[in-house]
Amino acid sequence: MNNKEQLRQGLKGSPRLKRFLDRLIMNQRDARPRWYVRLLAPLYQHRGRGSKIYCSARMDTPPYRRFSLGRRSVVESYCCINNAVGDVVIGDNTRIGIHCTVIGPVTIGSHVNLAQGITVTALNHNFSDPSLRIDEQGVSTKAVVIGDDVWIGANAVILPGVTIGSHVVVAAGAVVTKDVPANTLVGGVPAKIIKQL
């Protein structure tokens, strides 16, 4: 068990300390790291050589989860990257297009192109108990994995628990609810295999 994991386990045993640290790091109203934590982000985020994060990108990446951006990868303007509930790992030579949202835990491979306005989310709000408000029921996560050499068209949505294989094209506007095998083109709502590549 590494040091970060030992720290996480220790905090689970001390809810008051965990709550105090969470309030110190995260702005509860805005659901993002406080300004002084964001100033320190270059010290705890891993950014590969030649990578770029545009200054208008919203990087909700608190230090208690991993954020890693590979070599020569780009997070374009007006993106929102959030690792508050799970690690976000982006491979080499990958482009996260304008106005995309990525909510961890998400692993994106190398040579991946996300077009504009895409949502990749591993987070879902719980809503099974009708006697409670939805915001009182917490969240659940299921990791999303996107393989190497993938192109995801504009305004597509990748939902929790999905694994997309390598050399895949996801058509614009598709909603991916199930795993996508390698070497395929998928599209539609919900996304279905259109052809083999």
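Reader: Where is the place of D149?

Author: The model is a predicted one. In it, phi of D149 is near 60°, a positive value in a residue other than glycine. The place of D149 is the loop between strand 17 and strand 18.

Reader: Is D149 buried, partly exposed or exposed?

Author: The relative accessible area of D149 is 39%. Buried requires a value under 20% and exposed a value over 50%, with partly exposed in between. Because 39% falls in between, D149 is partly exposed.

Reader: Which residues of the largest nonpolar core touch the most other members?

Author: The largest nonpolar core has 35 residues. Strand 6 (67–69), strand 9 (88–90), strand 12 (106–108), strand 17 (144–146), strand 18 (150–152) and strand 21 (168–170) each supply at least two residues of this core. Those that touch the most other members are I96, V120, I146, I152, I164 and V170.

Reader: Leaving aside neighbours within four places in sequence, which residues are in contact with I146?

Author: I146 is one of the core residues that touch the most other members. Once its neighbours within four places in sequence are left aside, I146 is in contact with T107, I108, G109, V112, V120, I152 and I164.

Reader: What is omega for the cis peptide bond that joins G104 and P105?

Author: P105 is placed in the loop between strand 11 (101–103) and strand 12. The peptide bond joining G104 and P105 is cis, and its omega is about 5°.

Reader: Where is P190 found, and what is omega for the peptide bond from V189 to P190?

Author: P190 is found in the loop between strand 23 (184–187) and strand 24 (192–196). The bond from V189 to P190 is cis, with omega near -10°.

Reader: Which elements give two or more residues to the nonpolar patch on the surface?

Author: The patch is formed by L17, F20, L24, W35, Y36, L39, L40 and L43, with about 890 Å² of accessible area together. The elements that give two or more residues to the patch are helix 2 (15–25) and helix 3 (35–39).

Reader: Is F20 buried or exposed?

Author: F20 lies in helix 2. Its relative accessible area is 52%, and exposed means over 50%. Therefore F20 is exposed.

Note on methods: Residues are numbered from 1 along each chain as its sequence is written. This is a predicted model: local features need pLDDT of at least 70, side-chain atom pairs count only at pLDDT 80 or more; totals for chains, interfaces and linings use all residues. Side-chain values use heavy atoms; hydrogens and water are left out. A nonpolar core is a set of buried Ala, Val, Leu, Ile, Met, Phe, Trp, Tyr and Cys residues joined through side-chain atoms within 4.5 Å. Buried means under 20% relative accessible area, exposed over 50%, partly exposed in between (1.4 Å probe, protein chains only). Helices (H or I, at least four residues) and strands (E, at least two) are DSSP runs, numbered from the N terminus. Contact means heavy atoms within 4.5 Å. Patches are made of residues with over 30% relative accessible area and no salt bridge: like charges are joined within 9 Å, nonpolar side chains (Val, Leu, Ile, Met, Phe, Trp, Tyr) within 5 Å. Accessible areas come from the Shrake-Rupley method with a 1.4 Å probe; for residues, only the protein chains shown count as cover. A salt bridge is a side-chain nitrogen of Lys or Arg within 4 Å of a carboxyl oxygen of Asp or Glu.
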